[in-house]
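Here are my notes on the model, as numbered points. Please read them with the structure open.

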Amino acid sequence: MALSPTIQLTLMRHQTEIQEALHRVVMKVADAATGSGANDLQSYYGQMQYHLGWVDANFTPTANNPGKLLRPTLLLLAYEVAGAWGLATSDPGYLRRALPAAAAIELTHNFSLIHDDIEDGDTERRHRPTLWKLWGIPQAVNTGDGLFALARLALWGVLDEGVEGSIAARLGAALDRACIVLSEGQYLDMSFEAWQAISVAKYVDMIGRKTGALMGCAAEMGALLGTRDQETIERLRSFGYAMGVAFQVRDDLLGVWATTAELGKTPAGDVYRRKKSLPILHALEHTNPGDQRFLREVYQQETPITSGQVEQVLAIFARAQTKAYCCAFLAEQCRVAREALASVPRMNNRVAARAFDDMETLVHFVEETSKE
C-alpha cells in the first residue's frame with residue numbers, strides 16, 4: 001500500500017540504523033558458523049536473510065522490501081521521547097544505547113511472522129513466496145526458532161552499550177512477557193477458526209494479545225532505555241498497545257473496504273478469504289436472524305465464495321452499520337493513544353520534540369482510515 005510522504009519520513013528516519021543493527025546481529029552469528037568451513041549451514045542463515053528481505057531464493061543479495069520496521073521505529077521514538085538517557089543533547093551516537101533492543105524487537109516480530117505463515121497457510125509475504133513454501137514447514141519452523149534465539153542474543157547487546165544489568169534484565173522480562181502474550185493471541189486466533197460463535201469482545205482481546213502486546217513492549221523497552229521515570233514508561237507502553245490494536249483494526253477496515261489502488265489487493269479481499277475479522281463479527285452480533293444465517297452459511301461453505309455472495313455480505317455490513325462501528329472503534333483507539341502520549345512529560349530538547357511529532361504522525365496516519 002502506498003504511504004503518504006509524511007508517514008514515510010517518520011518510518012524512514014531511523015531505518016538505516018535499524019537495518020545496520022539487524023545486519024550486525026545476524027551476520028556476526030552467521031559468519032562465525034559458516035566461516036569455520038561449515039558450508040552446510042549457509043542455507044540455514046540464507047533462509048533467515050531471505051525472510052528479512054536481504055537475499056533472493058538463490059541467496060543472492062537483493063534490495064527487497066524489508067517491511068515497515070514499525071516496531072523498532074516505535075522503540076527508538078519512545079526512547080527519544082523519554083529523554084534518551086540524557087545522551088541526545090551531547091552524543092551524536094545516542095541511538096547506540098537502544099539499537100540492540102530495536103534489533104531484538106524486529107527479530108522477534110519476524111520469528112512470529114514465519115510461524116504465522118505456516119499456521120495460516122499463507123504462501124506469499126511482501127510479494128514473495130513465504131519461507132515454508134520454498135524450503136518446507138520443518139525447516140521454516142527451525143529458522144523461525146533461530147530468529148527467536150537471535151532476538152534474545154541481540155537484546156543482550158545493550159550491556160555492551162553501557163546499559164545497567166538491572167535495566168537489561170527488565171528489558172528481557174518485558175520481551176519474554178510479550179512473547180507469551182503474543183503466543184496466547186495466536187492460539188486464540190487459530191482456535192477461532194473452529195468456533196462457531198466469536199464475540200467482538202473476544203476478538204478485541206485476541207488482537208490485543210497478538211498485535212497490541214509486542215507494540216506495547218516496543219514502546220516500553222524504548223522508554224526503559226530512555227528514563228527511570230516509571231510513569232513515563234507506563235504511559236508510553238499504553239501508547240504502543242493502543243497503536244497496536246489500532247493498526248490491526250485499520251487493516252480489518254482496509255481488508256473489506258479499501259480499493260485496489262489503496263491496498264494493492266482485491267477489494268473485499270478479507271470477505272473472499274472469509275477472514276473472521278472485526279467487520280464480520282460485528283455484523284453477526286448486530287444484524288437480523290436471516291442475515292446472520294446467510295453469513296454463517298457463506299463463511300462455512302466448502303466452495304469458494306462468489307462475487308455475488310460478497311456483494312450480499314457487503315450489503316449486510318451496510319444494514320448493520322458495521323463500517324461506522326469499526327471506524328468509531330478505530331477512532332477511540334487513536335484517542336487513547338493520543339491521550340497517553342499527551343500525558344508524557346515533554347523534554348526540552350530538539351530530539352524529543354521531533355520524536356513527539358513523529359508519534360503523533362503515526363496516530364494521525366492510522367486515524368485517517370476512520371474518517372473514510
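1. Arg128 lies over the face of Tyr50, at 3.9 Å from the ring centre. A charge sits over a ring if NZ of Lys or CZ of Arg is within 6 Å of the ring centre and within 35 degrees of the ring normal. Arg97 does likewise with Trp85: its charged end sits over that ring, 4.1 Å from the centre.

2. This is a predicted model: local features need pLDDT of at least 70, side-chain atom pairs count only at pLDDT 80 or more, and totals for chains, interfaces and linings use all residues. Residues are numbered from 1 along each chain as its sequence is written, and side-chain values use heavy atoms, with hydrogens and water left out.

3. There are eight aromatic pairs in the structure. Rings of Phe, Tyr and Trp (its six-membered ring) pair if their centres lie within 6.5 Å; planes under 30 degrees apart count as stacked, over 60 as edge-to-face and the rest as tilted. Tyr50 and Trp135 are edge-to-face, because their planes stand at 80 degrees, with centres 5.3 Å apart. This pair links distant parts of the chain, 85 residues apart: Tyr50 is in helix H3 (residues 42-51) and Trp135 in helix H6 (residues 131-135). Helices (H or I, at least four residues) and strands (E, at least two) are DSSP runs, numbered from the N terminus.

4. Is Tyr50 buried or exposed? Tyr50 counts as buried, at 4% relative accessibility. Trp135 is partly exposed, with a relative accessible area of 22%. The cut-offs: buried is under 20% relative accessible area, exposed over 50%, partly exposed in between (1.4 Å probe, protein chains only).

5. Tyr79 and Tyr94 form a stacked pair, 6.4 Å centre to centre with 20 degrees between the planes. Tyr79 is in helix H4 (residues 70-81); Tyr94 is in the loop between H4 and helix H5 (99-120). Tyr79 and Tyr94 are buried.

6. Eight of the ten residues of H3 are buried, so H3 is largely enclosed by the rest of the structure. Among them are Tyr44, Gln47 and His51. The buried residues of H3 pack against elements including H5, H6 and strand S1 (124-125); contact means heavy atoms within 4.5 Å. Gly53 follows H3, with a positive phi near 90 degrees.
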